[in-house]
Amino acid sequence: MATTEQPARHVGARVPRKEDPAMVTGQARYTDDLTVPGMLWVAFVRSPFAHATIKGIDTSAAKAADGVVDVFTGADLADDFAAPIVCAWPIVDDIKIPEHWPLTKDKARYAGDKVAMVVADTRAGAKDAAELVEVDYDPLPAVTDIELALADGAPILHDDLGTNLSMTWRHSEHSPVPARGKPEDVFPAADVVIKEKYRIQRAVPNAIEPRSIIVEPSPAQGEFTMWSATQIPHIVRTVLTLMTGVPEAKLRVIAPAVGGGFGSKLQVYGEEALLLVGSRKLGRALKWTEERQEAFVATTHGRDVVQEVELAADRDGTLRGVKVRIVCSMGAYMQLLTPGIPLLGAWLYGGAYESDAYDLEINGVFTNTTPTDAYRGAGRPEATYCIERAMDALARELDMDPAELRRKNFVPADAFPNHTIVSGLIVDSGDYHASLDRLLEALDYEGLRAEQKARRERGDNRLLGIGLSTYLEMCGLAPSRVAGAIKLVCGLWEAAQVRVMPTGTVQVMVGVTATGQGHATTFSQLVADQLGVEIDDVEIIAGDTKQMALGMDTYGSRSLAVGGIALHLAGEKVVAKARAIAANALECAEDDLEYDTGTFTVKGTDKTMHVKEAAFAAWTAHALPDGMEPGLEATHVYDPPNFSWPAGAHGCVVSVDTETGEVDIERYVAVDDCGVVVNPAVVEGQVQGGVAQGIAEALYEEAVYDEEGNLSNGSMTSYLVPTAAEIPPIETHHTVTPSPTNPLGVKGIGEAGTIASPPAVINAVIDALSGLGVTDVQRPATPQNVWRAIEEARQ
C-alpha cells in the first residue's frame, strides 16, 4: 500500500475560522436574504397596552386594502392549532402554566402581545394594513415589578390562575441530589452572618440579526420547509408538530447562517407556528422578518431577578453555609424554558467554595412584561453574581482581603476528580487556586492595591477599584437522566455522523447548530486529526433537519462538550471499521495494526494503509471482510454522563469619578479553565464576546418599564448597548484541567465571560468607593446610579 505523508496536528492550533470568508464578504445567506416563488409577507398587530381586555377586533378595513390576501385573529385560527405554545420545563408538579396561544384571544398581557396576523403581497403592504386593524381594548392596571406582583391587590394577569405566583422550587424539597447540610443546623452557631439583597435588571438580548422566518409549502406532498433564524431547528420541528399536527416527516426546518442567538433564539415562537399554519391555510409561501424596534418587545428578554442571600462564616473567614431566596420574572407567559432558567443556577449559589450547608428557594412570578427565557449563561450568571457579590460583602465584614477569602474557601485541587460540592452535584475537575494565582499575577494585584491606597491618601477624585469573580459553571447540557429528574420534557443527548467519501474527503453531519461559535472550524480540526486528512477536506453540515435528522441543537455551552464528543465517537467507529478493512487488505490481525492520525501500520513492518484508502476499498467493495457492509461511515448518539464544569478567575480594574459617578474600566483580565483547548483563537473570541456582554449588563443595559407597562427604552436610541469604544481590551489567559468525563477532556467556553464579568465589574466599582462607605451600587452602574450611591453613603 502507498504511504501517505502525515498532516500537521490541528487540535490546539490557531486555525483560521473556515466560516469567516463567506461572512465578511457578504456571501453568507441569512433567512432575510432568501426568497421563494410566490412568497407573501406577514406583519403582526401587537397590543400597545400592557394589560387590556380585548372586546373586539375589526379586520374589514385591513382585508380591503390593496395587496392584502388575508387577516387572521386568534379566533380565526382556533381550529388550526392542536396545542398552545409549549412550555417544556414544568419544574414542579404544582406549577401554574397558563395557556399561551400564538395570537391572544381574550386579553393582552404585555405591550407587544400579538393580536392579529396580516398577510399581503409586499412587506410594506402588510405593515400598512396592520395599522388598519381596529382593536377595541379595555385597558386594565398593569404590574411590571416582580415584588409588587406578589403584593396583595396586585393586578392578576391570568384570571383562571387567581395568582401571579407561578411556582416555588426549593432545593431541600425538589433537588434530585441532597445538599451537604441544612442551614438551620449551621447559621445559629455561626460567628458571622451577612445578609444581602441584589437586583439583576432585565436585559434585551439584541442579537445582531433579528428573527426571520420563511415557510414554503409543497401542497401536493403535504410537506413544508421552514427557514428560521433559530438555534434549535430540531426542537422547533418537534414542537411545531405538537402545536400544528404537521408530521415531523413532513416538516423540514433549516437554520441557515444565523447572526447570533444568545438564548433568544433558543425558542419556539408563536410567529413560527403562525407562519406554518398560515402557509397551510393559504397554500402559499410566507415570510416575516422582525424589525429591530419590534424585537425589543417581541423577542424574549433575560434576567429580571431579585436575590436575598445569607452567608454564615467563622471569624477566620471559613465559609459555613449559604442560604438564598430568589424571585424571578416569568414575564406574561411561559415560553419554551422560562421556569427552568433559574434552575440552571440552582446548584451554583455556593460558587467554587466549600461549606457545610446549602439551600435555595426559587419563586417564579408573572408580570405584564415580555416573557423571559434563556439569555447567555441562563441562570448561571445570576448565581455567580449573587455568590461573588456576597463573598466581597463577607470580606468587608471580616476586614479581609477578598482574594484571600476566596483562596481560603476554594475546593482544593486534590479533591478532584469528581468532587461533590455543597449543593450535591459532582464537579469533574478543577484547580481554582491556580486560576486565581494566575489572575493576581497578571493584574499585579499588590501593585494595584498600593496604587489604590496612594490615590485615596492624596484625595484623588478618581478612585481605583479592583474587582474579582472566581466562577464555577455547569454546562455541557446535559445528562438526559438528570434532565428527566428535574422535569425537562426532553433528553439532552447529541448526535453526529461521519462519512468518508470514496476519494477521501469527509462529510460530517452534526446535530448542533452554529450561531457564530466557529463549529465548522473546531469540528474540522477534530476530524482532521482523528482521520488524518486536511481541514479543507472536511465539510460540516448542520442546521437542517432533513440532512441531519437527529439533534438536540445549541445552547448551554454544549456544542463541543456534547456535540463534539458525539462527533469524536462517530469518528472512532469509522476508524474501527477502517481497521477491519486494513487488516483484511494487509493480511494481518486487527490487533497487529498500529494507528496514528489516519494511517494503519502493521507492527514491525513498513506495510501501511490510510483511512482514505480504506474508504475507497469500502466503496468498491471488491474485497471487504465477509459480512461487512460497503461504505465507510458511522453515526453516534452521545448522552453525557455528567455536566462539564469550566471555572476561572476574572479581574476588573476601574477608576470611578466621585464627582460625576462615571466608571472607566482600566483593565480587564480573564483566566479561564475550559479543559482541553481545541482552538485558542476561537476560545479567546468567545471569552471576549462574553465579557463584553457582561460589561454591558454591569454598566449600561437595562430594559425599563413605566408604571403602565410600556417599555420606555425600546429602541437603540435609548437602550444602551456599548460599542467597541466602551469595551476595554480584554486580556485572556488559560489554565487547563481536562475533564475526566469525556475522551477529549473538553468542557465549554461560550458563556464563561458573561457569567464571570458582571460581579467582577460591580465588585470593582464598590471596591473603589468602599472608603466612602459605599457597600452597594445598583445595576447597571450608570453615572447616575453610582453618584446616587456615593451621595447616600455620604449622608
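Aspartate 356 is partly exposed, at 33% relative accessibility. Its side chain meets that of arginine 320 in a salt bridge, 3.1 Å from N to O. This is a predicted model, and the protein chain averages a pLDDT of 97. The structure holds 51 salt bridges and 0 disulfides.

- Arginine 320 is partly exposed, with a relative accessible area of 28%.

**Salt bridge: arginine 389 and aspartate 776**
- The side chains of arginine 389 and aspartate 776 form a salt bridge at 2.9 Å, N to O.
- Arginine 389 is in helix 8 (residues 380–398), while aspartate 776 is in the loop between helix 17 (752–769) and helix 18 (783–794), so the pair ties together parts 387 residues apart in sequence.
- Arginine 389 counts as buried, at 1% relative accessibility.
- Aspartate 776 is partly exposed, with a relative accessible area of 36%.

**Salt bridge: arginine 779 and glutamate 697**
- Arginine 779 and glutamate 697 also meet through their side chains, in a salt bridge of 2.9 Å, N to O.
- Arginine 779 is in the loop between helix 17 and helix 18.
- Glutamate 697 is in helix 16, residues 680–699.
- The pair links distant parts of the chain, 82 residues apart.
- Both residues, arginine 779 and glutamate 697, are buried.

**Salt-bridge network**
- A network of salt bridges links Arg46, Lys114, Arg211, Glu271, Glu290 and Glu294.

**Cysteines**
- A search of the whole structure turns up 0 disulfides.
- Cysteine 328 is in no disulfide, and the nearest cysteine sulfur, that of cysteine 386, is 11 Å away.
- Cysteine 328 counts as buried, at 4% relative accessibility.
- Cysteine 386 counts as buried too, at 0% relative accessibility.

- An open sheet is formed by 4 strands, in the order 18-26-27-28, with mixed pairing.
- Strand 18 (462–472) and strand 28 (730–734) are the edge strands, each pairing on one side only.
- From one strand to the next, the twist averages 15°.
- Strands of a sheet pair through backbone hydrogen bonds, either parallel or antiparallel.
- Strand 26 (residues 647–657) and strand 27 (residues 663–673) run antiparallel and are joined by 10 bridges.
- Histidine 650 has alanine 670, in strand 27, as its bridge partner.
- Helix 11 (residues 445–457) lies across strand 18, strand 26 and strand 27.
- Helix 11 runs at about 145° to strand 18.

**Confidence**
- A pLDDT of at least 70 is reached by 99% of the residues.
- Residues 1–6 stay under 50 in pLDDT.
- For residues 1–6, the model has 13 contacts beyond four places in sequence.

Key: Residues numbered from 1 in each chain as written. Predicted model: local features only at pLDDT ≥ 70, side-chain atom pairs only at ≥ 80, totals over all residues. Heavy atoms only, no water. Pairing = 2+ DSSP bridges. Helix = DSSP H or I, 4+ residues; strand = E, 2+ residues; numbered from the N terminus. Axes fitted to C-alpha atoms, helices over the stretch in contact; angles between N-to-C directions. Contact = heavy atoms within 4.5 Å. Disulfide = S-S within 2.5 Å. Buried < 20%, exposed > 50% of the residue type's maximum accessible area, 1.4 Å probe, protein only. pLDDT = per-residue confidence, 0-100. Salt bridge = Lys/Arg side-chain N within 4 Å of Asp/Glu carboxyl O.
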